[in-house]
Amino acid sequence: MEVKKMLGLLFGIFFLDGLFLLAAASNVHHYSFILKETNFTRLCFEKPMLTVNEQFPGPTIHVRKGDTAFVNVHNDGKYGVTIHWHGVKQPNNPWSDGPENITQCPIQPGKNFTYEVIFSDEEGTLWWHAHSDWSRATVHGHIVILPEIGKTYPFPEPYAEQTLFLASWFNTDVKELIDDATLIGGDPDPSDGFTINGWPGALYNCSNETISTFDVEYGKTYLFRLVSGVMNEEMFFGIAGHNFTVVTQDAAYLKPIVTSYIMIAPGQTMDILLTADQSPSSYYIAASPFFDSGAPFDNTTTTAILRYTNATAPSSIPFPSLPSTTDKESVDNFTSKLKALASEEHPISVPQNITKRIIITVSVNQLPCDLVNGTCGGPQGNRLAASLNNISFSTPTTDILQQYYSMLNDTSFDSDFPSQPAVVFNFTGDDADDYLLPEVGTKAKLVEYGASVEIVYQGTNIGNAENHPMHLHGYSFYVVGSAYGNWNETTSPDTYNLIDPPEVNTVGVPKNGWTAIRFVANNPGVWFMHCHLERHASWGMNTVLIVKNGPTNDTKIRPPPPNLPICA
């Protein structure tokens, strides 16, 4: 897989996965996604799996800042699926956001739906993925958002660009895997490996001949666009012998960070600049998990090769020195450096005066077993669960957006998600398991349009404490603070960074710690909020934020499109 210099950008002409786009003449793009089962062989196993256009990863969407893309998704698969455009704010247009039974019902086999993906202020790298059960394991791809025509990057133009996608590989069918685990309330088996651009790499069986390779020329600088679509593990990433510079996260520019490694959580994206300034040779690229928890996980390492052109292959390819699996000090060392660029060309606007504060505990829980024989697959024969503010989310069978928009009196959700935990206790203390059993419900939080919102995610020691990458649809937000222990209303805000906090859509809540975010609720709609560890989302670590309409037509939810999938 060679790095290709990006040509033709001045003319706006792209040839992408068989699709021809004339972008200079228009800011509207059209794509066709065909969902179908395709046979793939990895780790000595061949299996059929759901893909888009028979690709793994799927096709890349290329746009410029402020463009619109219409993506027709035709489902030739075996079950209903939706697609989410991760990190795209979709102003006033939650109808095309994608989470199943939150903003739409699934696209059934044999049917199609055209998403209108509206880009606004995003610039950099995002991604798209399926948002039904665990189908995002194989249904995913990049979104590349270039600057507007006439604008440039806030760093020297790279010689070339390349996309790099981290993903999980399961030898079994992922839908069967989660369905079987859900049936008994147990923990799904971890993945069997990780991949870089669809290939596991040299450290796995039956994989050394098919490793992803990126060719570079000595002295040139390359922009690598990284996405972590990994299912359940945060990942360390590095390139042997090379430092690189992190310049964006979640399609927003950062103050440049020179580093030898990053830690990237599921759902996050990062753009890095790499200068090929080492002795011309081949060097391993590697990604391995960060996992500071007692839960089962995939403890393997995926690799690719950075290969200098016209260089002789070494007898032994150097390997990067990555932090150990439980090295949270290295995690903190990296994440503490993430700060918004906050320049004149790329300003930020951090809410200073908060009008709505929401405190949300984040927990892994258990529920009493509901099987006939009384024995489930979780601890002590219980059913595994997860919660926000001790409410384990139950996904409805009819999507919440249509119910809310139609102002139905009889809805399948309640609008009383609490603004703070019902019980205040030592959330990170040893007695947290006293609060192991959550309430089960479908609850949403209503927020007034224009509110300046602060959300404090408070990790707990209930069940099995670990890091939680929390994702909010429809918004980017500023990460103003984070620390270990319990958030304190009096002292914790004194530690906030209100000058140049990073603007992201997915943020890690540290194990037994807290993270505070801020944003202005200026995008009306029904927006899903959830942990991006797929196990936790499946167990109920989710809720819905409903931002009410504003006072003008431009601040109201758009009418629904005519071809919305019908709810069964």
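Begin by selecting A286: leaving aside residues up to four places away in sequence, A286 touches F236, F237, G238, T301, T302, T303, F319, P320 and L322, contact meaning heavy atoms within 4.5 Å. The model is predicted, with local features requiring pLDDT of at least 70, side-chain atom pairs counted only at pLDDT 80 or more, and totals for chains, interfaces and linings taken over all residues. Residues are numbered from 1 along each chain as its sequence is written, and side-chain values use heavy atoms, with hydrogens and water left out.

**The sheet around A286**

A286 is buried, its relative accessible area being 0%; buried means under 20% relative accessible area, exposed over 50%, and partly exposed in between (1.4 Å probe, protein chains only). The residue belongs to strand β20. Strands (E, at least two residues) and helices (H or I, at least four residues) are DSSP runs, numbered from the N terminus.

Next, select residues 282–290 (β20) and 302–308 (β21), which pair in the antiparallel sense over six bridges. Two strands count as paired if DSSP finds at least two bridges between them. Within this pair, A287 stands opposite T302 of β21.

Now extend the view to the whole sheet. Five strands form an open sheet of mixed pairing, in the order β13-β21-β20-β15-β18. The edges are β13 (213–216) and β18 (261–264); each has a single partner strand, so one side of each is left without a neighbour in the sheet. On average, neighbouring strands of this sheet are turned by 20 degrees against each other, direction ignored.

Which helix lies across β15, β18 and β20? Select residues 328–335: this is helix α2, which lies across β15 (234–239), β18 and β20 and runs at about 95 degrees to β18. Axes here are lines fitted to C-alpha atoms, for helices over the stretch in contact, and angles run from 0 to 180 degrees between N-to-C directions.

**The disulfides**

Select the cysteines next. The structure holds three disulfides, a disulfide being a pair of cysteine sulfur atoms within 2.5 Å. With the bonded cysteines of the protein chain numbered in sequence order, the pairing is 1-3, 2-6, 4-5.

- C44 and C206 form a disulfide with their sulfur atoms 2.0 Å apart; at 95 degrees about the S-S bond, the link is right-handed. C44 lies in the loop between β3 (28–42) and β4 (45–52) and C206 in the loop between β12 (193–196) and β13, so the pair ties together parts that are 162 residues apart in sequence. C44 is partly exposed at 44% relative accessible area, while C206 is exposed at 57%.
- C105 and C567 are also joined, with their sulfur atoms 1.9 Å apart. The torsion about their S-S bond is about 90 degrees, so this disulfide is right-handed. C105 is placed in the loop between β7 (83–86) and β8 (112–118) and C567 in the segment after β34 (542–547), so the link connects parts that are 462 residues apart in sequence. C105 is buried at 1%, whereas C567 is partly exposed at 22%.
- C369 is joined to C376, S to S 2.1 Å, and the link is right-handed, with 80 degrees about the S-S bond. C376 is buried, with 7% relative accessibility.

**The largest cavity**

Select E37, K47, P48, M49, L50, Y79, T138, T172, D173, V174 and K175, which line the largest cavity. A cavity is a set of points, on a 1 Å grid over the protein atoms alone, where a 1.4 Å probe fits but cannot get out; lining residues have an atom within 4 Å of a point. About 70 Å³ of space lies in this cavity, volume being the space filled by probe spheres set on the points. Which element gives the most to the lining? Strand β4 does, with four residues.

**Backbone details**

Move on to the loop between β4 and β5 (61–64), where P57 is found. The peptide bond from F56 to P57 is cis, with omega near -5 degrees. N53 lies in the loop between β4 and β5 as well, and N53 has a positive phi of about 55 degrees although it is not a glycine.

Finish at A251, in the loop between β16 (244–249) and β17 (252–259). Phi of A251 is near 60 degrees, a positive value in a residue other than glycine. Is A251 buried or exposed? A251 is buried, with a relative accessible area of 6%.

Conventions
On a 1 Å grid over the protein atoms alone, a cavity is a set of points where a 1.4 Å probe fits but cannot get out, and a pocket is an open set with protein on both sides within 12 Å along at least five of seven lines; lining residues have an atom within 4 Å of a point.
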